[in-house]
Amino acid sequence: MVKFYNSLTRRKEEVPCHENKTVKMYSCGPTVYYYPHIGNFRAYLFMDNIRRVLKYNGYSLDGVMNITDVGHLTSDADEGEDKMLVASKREHKSPWEIAKFYTGVFMEDAKKLNIDLPEHIVPATSVIQEMIEFVKVLLKKGFAYETSKGIYFDIEKFPEYGALSGMDIKEKLAGARIDVDEEKHSPYDFVLWVKAPKEHIMQWESPWGMGYPGWHIECSVIGDKFLGEHIDIHTGGVDHKPVHHENEIAQSNCHYGHQVVKMWMHVEFLQVDGGKMSKSLNNIYRLSDLAERGYSAEDFRYFYFMAHYSKQQNFTFEALESAKNTLKSIKNLAKEHKNGTAKVDTSAYEEEFLDAINDDLNMPKAIACVLKMLKEERSQDVYASLMKFNQVLGLNFEEEDDIPDNIKEKAEKRWQAKKNRDFATADALRKEISDLGYEIKDSKDEYQILKK
Ligand code: AMP
Ligand code: ZN
C-alpha cells in the first residue's frame with residue numbers, strides 16, 4: 001500500500017485514486033519571469049518522485065501543472081507589481097516574450113533532470129475565459145464581492161479557511177490591522193480579478209471591465225478544467241501553504257460546495273550553505289552554474305534523493321561532490337553486475353526498496369537499499385533489480401555503455417590532439433571514428449560521442 005503524508009489531515013494516508021487506479025494530480029508550476037533555480041527544481045523533482053513511485057505501483061497518472069504567466073505579484077498576497085511586468089521592464093521585452101523564453105528554459109532544465117512531466121502543462125493566460133466563468137459562479141453564490149478595484153473572495157464566508165496551515169482565522173481577523181483598502185470586507189480577503197488601470201499591459205475584457213486575474217484563481221480553474229471536481233493529490237512547496245493553497249481551497253471548495261482536493265503534499269525548501277538562497281549572498285544557483293563547476297543535472301537529481309522531502313535539504317558543493325561520486329560508483333558497479341555470473345536472490349532487496357518508497361517516499365532509505373544490494377556478488381539478477389528500481393530513480397545507465405571502449409579511447413586522443421592544435425591527427429582520428437559508425441560533436445569545453 002502506498003502511503004503519503006497528507007498536509008491537510010496531518011497523517012500518512014493511503015493514496016486516493018479514481019477508477020482504474022488513475023491518480024489525478026495537480027502541481028503548482030513555475031512563474032516564468034526569471035531563470036528557475038535549483039531550489040525550484042527540488043519542488044519538481046518531488047513531483048517527479050511521486051509520479052514515478054505511483055507508476056512503479058501500477059497506478060496511472062493524469063497530471064496537470066500550470067505555468068504562471070500573469071497575475072503573480074511580487075508578494076504572494078495582493079501587494080506589489082506583477083512579476084511578469086517587472087521582468088518585461090527589466091528586459092525591454094513584452095510579457096509574452098518573457099513567458100515564452102523562461103518557459104523554454106524551464107522545460108530544457110526539466111528535461112536535463114529527466115523529470116517525468118505531467119500530461120498537461122497549462123499557461124494561465126490560456127484559461128482567462130474559464131477564470132471569468134469561475135469568478136462569476138463565486139459571485140453568484142455569494143462568496144465574492146465587487147469593489148472599485150476588483151472582485152474579492154470573502155473569507156468570512158468560508159469558516160474552514162486556514163485549516164491547511166493550522167491558522168485560526170477568527171483569531172487572525174480579530175487581531176488584524178485595518179486594511180489600507182477600506183472597500184475590502186476583511187484584510188485577508190484576496191483578489192480574484194483585478195480591474196486594470198489603462199496602462200497595464202496584460203488585460204482582458206470581462207463583465208467587470210478590462211482586467212486580469214489574481215494569481216490563485218489559475219490553479220483552481222486549471223485543476224477544474226483538466227481534472228474535474230475531485231482531485232486526488234495536489235503538490236507544491238511549503239511556502240505555498242499559508243496563502244496560495246489556503247486561497248485555492250477556499251475558491252474550489254466554495255465553487256463546488258464540497259472538498260475538491262483529497263491529499264495535499266508539500267516539499268520543504270532547499271537551503272544553500274545552511275541559509276536561504278538570496279541575491280545578496282550571490283548563492284542562487286541554476287543548473288548551468290552547477291555545469292560550469294563540473295556537475296551534471298543528473299548529479300543534482302541524485303543529490304535530491306539524499307534527504308527526505310519533508311525536511312529542509314542543505315545544498316553545498318561538498319554534498320554535491322559526494323552525490324556525484326556515489327552516482328559514479330553506482331554506475332561502475334552496475335556495469336560490473338551487468339556482466340556478472342553469480343546467482344543472487346534479490347527479492348528481499350526488492351521488498352525493502354518498495355517498503356521505503358511506499359512509506360511516504362523514503363528515498364534515503366531506498367538509496368541505502370540500492371547501495372547494499374550493489375555490494376552483492378556480481379550478478380545479472382542484481383542488475384535486473386537495479387533496472388527495475390531505476391523506474392523510480394530515473395538515472396541514465398545507458399549512455400556510457402553504448403559507446404565501445406576503443407571508440408572512447410580514440411575520441412579522447414582526438415580531443416587531446418585538437419587541444420594541442422595537432423589538427424592533422426585530430427582529423428584522421430575523427431575519420432577513423434566516423435568509419436566505425438560514431439560521430440563526435442564538440443562544444444567549447446567538452447565533446448560528445450554519438451552513434452550515427
Ligand atoms: P515560483 O516559480 O516562484 O512560483 O516557484 C516554483 C516552485 O518552487 C514553488 O512550488 C515553490 O514552492 C518552489 N520553491 C521555491 N524556492 C524553493 C526552494 N528554495 N526549495 C524548494 N522549493 C522551492
Ligand atoms: Zn498553484
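This is a predicted model: local features need pLDDT of at least 70, side-chain atom pairs count only at pLDDT 80 or more; totals for chains, interfaces and linings use all residues.

Me: Cys 28 and His 244: buried or exposed?

Reply: Both Cys 28 and His 244 are buried.

Me: And what about Cys 219, which helix is that in?

Reply: Cys 219 is in α6, and it's one of the buried residues there. Helix α6 covers residues 217–227 and is mostly covered, with 8 of its 11 residues buried. Among the others on that buried list are Ile 217, Glu 218, Val 221 and Leu 227.

Me: What follows α6?

Reply: Gly 228, with a positive phi near 90°.

Me: Switching topic: where does Tyr 152 sit?

Reply: Tyr 152 is in strand β7, residues 150–153.

Me: Why does Tyr 152 count as buried?

Reply: Because its relative accessible area is 7%, and buried means under 20%.

Me: What is Tyr 152 in contact with, beyond its neighbours within four places in sequence?

Reply: The list includes Asp 78, Phe 143, Tyr 145, Asp 181, Lys 184, Phe 190 and Leu 192. Pro 36 is 116 residues from Tyr 152 along the chain, and their C-alpha atoms are separated by 30 Å.

Me: OK, zooming out. How is the protein divided into domains?

Reply: Domain 1 runs 3–267, domain 2 runs 275–397 and domain 3 runs 401–451. The centres of domain 1 and domain 3, over C-alpha atoms, are 49 Å apart. For the whole protein, the C-alpha atoms fill a box of roughly 75 × 55 × 40 Å along the principal axes.

Me: How many helices and strands are there?

Reply: 16 helices and 15 strands. Of the 452 residues, 50% are buried.

Me: And what about surface and charges?

Reply: The accessible surface is about 21500 Å², with 50% of that belonging to carbon and sulfur atoms. On the charge side there are 61 positive and 74 negative side chains, and the centres of the two sets lie 3 Å apart.

Methods
Residues are numbered from 1 along each chain as its sequence is written. Chains are lettered from A and ligands numbered from 1 in the order in which they are written. Side-chain values use heavy atoms; hydrogens and water are left out. Domain bounds come from an automatic or database domain assignment. Helices (H or I, at least four residues) and strands (E, at least two) are DSSP runs, numbered from the N terminus. Buried means under 20% relative accessible area, exposed over 50%, partly exposed in between (1.4 Å probe, protein chains only). Accessible areas come from the Shrake-Rupley method with a 1.4 Å probe; for residues, only the protein chains shown count as cover. Lys and Arg count as positive and Asp and Glu as negative; His and the chain ends are not counted. The place of a charge is taken as NZ of Lys, CZ of Arg, CG of Asp or CD of Glu. Contact means heavy atoms within 4.5 Å.
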